Amino acid sequence: VAEFGQNDRITKLDPAGRFVTCWGEAGQGPGQFSRVRALALSPDGLLFAADACNHRVQVFTRAGEFVRAFGEAGAGPGQLQY
C-alpha cells in the first residue's frame, strides 16, 4: 500500500490484509518519499514505487531494502514530472 499525507511510506500486508512491515518516511533521500503514488512488481519480484514530488522512481526488494532510484525533475530524457 502506498501511503502519503500523514504517512509517507509503503505498508506491506499479507493476503488476509494483516500488517507485515512498513518502510519509508518523508524526505528526499533513498527510501524517503514525497507523495508515493503508485506501486508495481517487476517480473523479478522488485517493487517499483513512483515517488511523485521527488520526480523519481525508487526500487525496493519485497522486504523493503532500497535497490536503486532513477529520474530527476525536468522534461528531458531521463527526467520526470511527477
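The largest nonpolar core is made up of seven residues: Ile10, Trp23, Phe33, Val36, Leu47, Ala49 and Phe60. A nonpolar core here is a set of buried Ala, Val, Leu, Ile, Met, Phe, Trp, Tyr and Cys residues joined through side-chain atoms within 4.5 Å. Buried means under 20% relative accessible area, exposed means over 50%, and partly exposed lies in between, with a 1.4 Å probe and protein chains only. In soluble globular proteins, nonpolar side chains tend to be buried together.

The model is predicted, so local features need pLDDT of at least 70 and side-chain atom pairs count only at pLDDT 80 or more, while totals for chains, interfaces and linings use all residues. Residues are numbered from 1 along each chain as its sequence is written, and side-chain values use heavy atoms, with hydrogens and water left out.

Apart from its neighbours within four places in sequence, Val36 is in contact (heavy atoms within 4.5 Å) with Ala2, Glu3, Phe4, Arg9, Ala49, Ala50 and Asp51.

The strands come next. Strands (E, at least two residues) are DSSP runs numbered from the N terminus, and two of them pair if DSSP finds at least two bridges between them. Four bridges hold the antiparallel pairing of strand 2 (residues 9–13) with strand 3, and Leu13 stands opposite Phe19 of strand 3.

Another open sheet has four strands in the order 6-7-8-9, again with antiparallel pairing. Its edge strands are strand 6 (36–41) and strand 9 (66–70), each pairing on one side only. From one strand to the next the twist averages 20°, taken between axes that are lines fitted to C-alpha atoms, with angles running from 0 to 180 degrees between N-to-C directions. Within this sheet, strand 7 (residues 47–51) and strand 8 (residues 56–60) are antiparallel over five bridges, and Asp51 stands opposite Arg56 in strand 8. Strand 8 is also joined to strand 9 by four bridges, the two running antiparallel, with Val57 opposite Phe70 in strand 9. Strands 8 and 9 form a hairpin with five residues between them, and Gly64 in the turn has a positive phi of about 95°.

Aromatic rings give another view of the structure. Rings of Phe, Tyr and Trp (its six-membered ring) pair if their centres lie within 6.5 Å; planes under 30 degrees apart count as stacked, over 60 as edge-to-face and the rest as tilted. The count by this rule is four aromatic pairs. Trp23 and Phe60 form a tilted pair, 5.9 Å centre to centre with 50° between the planes. Trp23 lies in strand 3 and Phe60 in strand 8, so their pair ties together parts that are 37 residues apart in sequence. Trp23 counts as buried at 12% relative accessibility, and Phe60 is buried at 1%. The rings of Phe60 and Phe66 have centres 5.9 Å apart and planes at 75°, so this pair is edge-to-face. Phe66 is partly exposed, with a relative accessible area of 36%. Trp23, Phe33, Phe60 and Phe66 form one aromatic cluster.

A search of the whole structure finds zero disulfides, a disulfide being a pair of cysteine sulfur atoms within 2.5 Å. Cys22 is partly exposed, with a relative accessible area of 33%, and Cys53 is partly exposed at 30%.
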